[in-house]
Structures are given as C-alpha cells and as structure tokens.
Amino acid sequence: MFKGIIGQIRAKKQLEFYAQGHSATWTTPNILIGGEKGNGKTLIAKTFAKNLMRQDKSEKKPTIEINCSTIRNITQFIAEIYIPYLQDKEATLILDEASELPNSVTMAFLSLLNPTPLKFNSLVIAGSQVDFDFRKLSIVFCTTDPQHINKALIDRCETVDLEHYNEVELLEIVRMSMGQNGINIYHIEDEAGKRLAATLRGNARAAQKMADKVKLYLDAKAKTTFTEIDLDEFVDKLCIYPLGLNSVEHNILEILMECKDCSLTMMSAKTGITREALQKHYEIQLMRAGLLHVGINGRQITPKGVNYLRNGKV
C-alpha cells in the first residue's frame, strides 16, 4: 500500500488497518495525521486515500485536497468545496494545515463529525443542508500544530503521529531520490552517506532536497560516486555545519559560550530574533541534539555543545 515510502512503520500499519476496514464496511474513522514539516504527512494521506475504493468497486474514490489556509469561512466551504466536490458524492477529503481551519468551519465539523450509529450526520448552515454520509465520505486532517486544533475536534478523530526519521532511513531517501524511473546511476559511499544523513535533522523533505544537490555536485564533476573527500568539499561549498545546524543555531551556541545562564530575553536581544521564534524554530533542534539545556536559571550550552564548537563534532 505504501510502496516507495520509507520509514513511518507505525503510521503505515495504522492506516493499512483503516484501509482494510474500509474495504469491508465502506467507512473509515476521521483521521488526524500529525508530524513535523517535511515529514511526509500529505504524501502519506494521499497514498492512503488512493486505496479507498468506491462502493461499487469500480475505481478509487476521488481525492479532494484542500489547504485550510485558503478557507475563509463556512459559507465559502459550502459553496466552493462541499457542493461541487462532496455533496451526494463518494470522495476522500484531505484537509492540510488543519490548524488553519476557521472557527466557523471547525464548529460545523464538530456537529458533522460527531459519531452516530447510522454513520450519517446532517446540518443546516446558512440555509443549505449539509449531509455527511460516512459510507461515501472519508475525512483526513493533516497538521504540524495539533496544539492549535480544537480539542473536541481532535477527540472526533483517530490520531496517527509521524515519527522522526532516523539517519538510516534518511540516507535511504537520499539514495532513492537520486534515481529516476527506477534507475540510479549514482552511488554514495557508506561513510560519506552516514555523515551526510547526520546533517538532515530527521527531515524527509531535506533528504530529497539534499539528493538534488549531491546529483548537481556529481554532474558538475562528471562522476557518479560520492566519497568522503567529495563530502568535505561539498559541505564546505554549501556552508553546511555538522548536524545540519543553521547559522542562527551556531550563533546561539557561540553566545552561550560567553554568556552563562542566558535568559530568553537576553538571547533575543543578542540575536535580534523574537523570543517566540527562538523557542519555536531554533532552540528545539539544539535541545534535540543535546547541545543546549534550558533550566530554571536560563539557557546553558552542554558539554556536547562545547565539544561541537571546539571540534566540529559531538
């Protein structure tokens, strides 16, 4: 079912279970797929949707993919999405970036997705009758920010959480992405591949983008094998830090070498980056790598972080 999709074993098993149930009952639970940006939520959702058949088994149900940031209100949802694509039709609706759903649409979904023995709900909104027949419609939400989704809406879904990719999986993604039409003329030596995978921050999309860069490097050199010597030149040309840190994260570590027990406010002043952005976009990776510790007295660089700055490794 998920041929060609690397990793995410637990998520794939869950979705295969729901797809098998659909083949027998023509219904699926409402599904919420959560995970970090670039970890394949939408790809996995679309692959799942492609395996849901019409009731007459003639073909797959059509997939309707909507980015929730484009939905302004419930009136627009009914006029531009429900009536043309869902009303009296069999379909799978994928709602990407579900944390961006307007409140009016969320409130409608709370009623429409409320479980009933008949697998059917109906609601009159702005003079229009909206019917959700779950023997015809399957709903999949995708989000990077489940904490911003109405809790009652989450309770009406089965949650499928994507995991962080390990370095073996990331290297496999890089190698697979370098091929074309099932043919791959390129080769990454194992040690070079391990070091390269360590810079990808557990992110599948970053692995795909890295594959394009490695191909570009090899094509420019008129060669097909990527060695450790190539890697050294490659990371130097692209200014890639060990562990894939970016320049801001590297700067944060350098600040912490000089400023013991640095407060978030002080770090914001020294970097020129807002407190919220520091916490959401930069500190997480440093803590995940074990380079930064946040304690009651502030932020400290760890022994691993010191070794990283001094030796370029952990």
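A residue counts as buried when its relative accessible area is under 20%. Keep that cut-off in mind for the first stop. The model on screen is predicted.

**Stop 1: helix 2**

Select residues 41–49, which make up helix 2. Seven of its nine residues are buried, so helix 2 is largely enclosed by the rest of the structure. Colour the buried ones: K41, T42, I44, A45, T47, F48 and A49. Now show what covers them. The cover includes helix 1 (9–25) and strand 1 (31–34). Strand 2 (63–67), strand 3 and strand 6 (137–143) are also part of the cover.

**Stop 2: the second largest pocket**

Keep helix 2 selected. Which element gives the most to the lining of the second largest pocket? Helix 2 does, with four residues. Helix 6 (167–177) and helix 8 also give two or more residues each to this lining. The space in the pocket is about 380 Å³. To find the centre, select G38, N39, G40, L43 and Q208, which lie nearest to it among the 21 lining residues. Colour the lining by type: eight residues are nonpolar, eight polar and five charged.

**Stop 3: the largest pocket**

Next, go to the largest pocket, with a volume of about 1100 Å³. Its lining holds 37 residues, and E36, K37, R201, N203 and H281 are the closest to the centre. Select helix 8 (204–221) and helix 12 (275–288); each supplies at least two lining residues. Helix 12 gives the most, with six. By type, the lining of the largest pocket has twelve nonpolar, 15 polar and ten charged residues.

**Stop 4: salt bridges**

How many salt bridges does the model contain? The count comes to 15. Visit several of them.

Start in helix 5 with D155 and K151. Their closest N and O atoms are 3.5 Å apart, in a salt bridge. The two residues are four apart in the helix, so about one helical turn separates them. An α-helix has 3.6 residues a turn, so residues three or four places apart point the same way. Are D155 and K151 buried or exposed? Both are exposed.

Move on to E233 and K221, whose side chains meet in a salt bridge at 3.1 Å, N to O. This pair links distant parts of the chain, with E233 in helix 9 (residues 228–237) and K221 in helix 8, twelve residues apart. E233 is partly exposed at 28% relative accessibility. K221 is partly exposed too, at 39%.

Now select K223 and D230. Their salt bridge has its closest N and O atoms 2.8 Å apart. D230 is buried, with a relative accessible area of 5%, whereas K223 is partly exposed at 30%.

Finish this stop with R195, E228 and D232, which are linked in a network of salt bridges.

**Stop 5**

Most residues other than glycine have a negative phi. Two residues here are worth a look on that account.

Select D88. Its phi is positive, about 55°, although D88 is not a glycine. D88 sits in the loop between helix 3 (74–86) and strand 3 (91–96). It is exposed, with a relative accessible area of 66%.

Then select K119. K119 is not a glycine, yet its phi is positive at about 55°. Its loop runs between helix 4 (103–112) and strand 4 (120–125). K119 counts as partly exposed, at 40% relative accessibility.

Key: Residues are numbered from 1 along each chain as its sequence is written. This is a predicted model: local features need pLDDT of at least 70, side-chain atom pairs count only at pLDDT 80 or more; totals for chains, interfaces and linings use all residues. Side-chain values use heavy atoms; hydrogens and water are left out. Buried means under 20% relative accessible area, exposed over 50%, partly exposed in between (1.4 Å probe, protein chains only). On a 1 Å grid over the protein atoms alone, a cavity is a set of points where a 1.4 Å probe fits but cannot get out, and a pocket is an open set with protein on both sides within 12 Å along at least five of seven lines; lining residues have an atom within 4 Å of a point. Grid points are joined across faces, edges and corners, and a volume is the space filled by probe spheres set on the points. Ala, Val, Leu, Ile, Met, Phe, Trp, Tyr, Cys and Pro count as nonpolar, Asp, Glu, Lys and Arg as charged, and the others, Gly among them, as polar. Contact means heavy atoms within 4.5 Å. A salt bridge is a side-chain nitrogen of Lys or Arg within 4 Å of a carboxyl oxygen of Asp or Glu.
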